[in-house]
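Please read the sequence and the structure below together. The paragraphs that follow go through them part by part.

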Amino acid sequence: MSDADAPSEPAAGDALDDGERDVGDTRVEVVRATGHEHVSAEHASTFELTTDDWLTPAGDCIVGVEADRTPRDFSAEFREACRDADATIEATLVVDAGDEAFEQTITGRGDPDLALLDDRSMVGRTSDYTDDERTILVDGDGAAADLDRDLVAALADGADLTLRLEVEPAE
């Protein structure tokens with residue numbers, strides 16, 4: 001196949017049709033999920049998104065269900081960049097409540113022990129715990145309990161949630 005026959009790729013910064021991440025930007029991953037009536041966001045040290053379509057009141061760290069992607073779906077380049085202990089990882093939660101939108105960012109760091117291979121859920125942590133495949137950032141500056149209560153109320157009403165993860169390698 002010649003270059004002329006190759007499928008054209010959008011320029012860096014153009015969104016893919018499925019919205020997963022920008023082409024050429026291996027430092028960004030996007031996950032879409034929805035809220036649920038049992039979202040309470042009361043957990044003091046973690047926040048979580050899951051692919052499950054249900055949530056019990058005990059899941060006080062879970063802020064989104066029916067996630068369309070998991071850490072296993074992230075690009076190898078993104079996962080590798082997250083394994084730098086000096087990398088900064090920003091998790092920006094954008095909640096679309098129809099007539100109102102909310103946005104909040106939790107900033108943490110990477111770690112060499114991040115596996116990022118779970119196929120069900122992802123967890124951001126305020127601690128340095130990495131001993132599972134779900135952890136997406138450690139030493140976060142916030143958790144579910146720190147989220148704006150209007151954002152949480154919108155999620156409890158079933159609003160759409162977009163999680164944008166961006167890793168900034170150490171310089």
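**A strand pair, a buried threonine and the cysteines**

E90 has T107 in strand 5 as its bridge partner.

The mean pLDDT of the protein chain is 89, with 86% of its residues at 70 or more. Residues 1-23, however, have a pLDDT below 50, and in the model this stretch has 22 contacts beyond near neighbours in sequence. Where pLDDT is low, the predicted coordinates should not be read in detail.

The next stop is T135, which lies in strand 7 (residues 135-137). Is T135 buried or exposed? Its relative accessibility is 0%, so T135 counts as buried, the cut-off being under 20%. The side chain of T135 makes a polar contact with the side chain of R125 at 2.8 Å, and another with the side chain of D132 at 2.9 Å. Leaving aside neighbours within four places in sequence, T135 is in contact with L114, L116, V123, R125, Y129 and T130.

C82 counts as buried because its relative accessibility is 0%. C61 has a relative accessible area of 11% and is therefore buried as well. The structure holds zero disulfides.

Terms used
Residues numbered from 1 in each chain as written. Predicted model: local features only at pLDDT ≥ 70, side-chain atom pairs only at ≥ 80, totals over all residues. Heavy atoms only, no water. Disulfide = S-S within 2.5 Å. Buried < 20%, exposed > 50% of the residue type's maximum accessible area, 1.4 Å probe, protein only. pLDDT = per-residue confidence, 0-100. Contact = heavy atoms within 4.5 Å. Pairing = 2+ DSSP bridges. Helix = DSSP H or I, 4+ residues; strand = E, 2+ residues; numbered from the N terminus. Polar contact = N/O pair within 3.5 Å; in protein donor to acceptor, adjacent residues only side chain to side chain.
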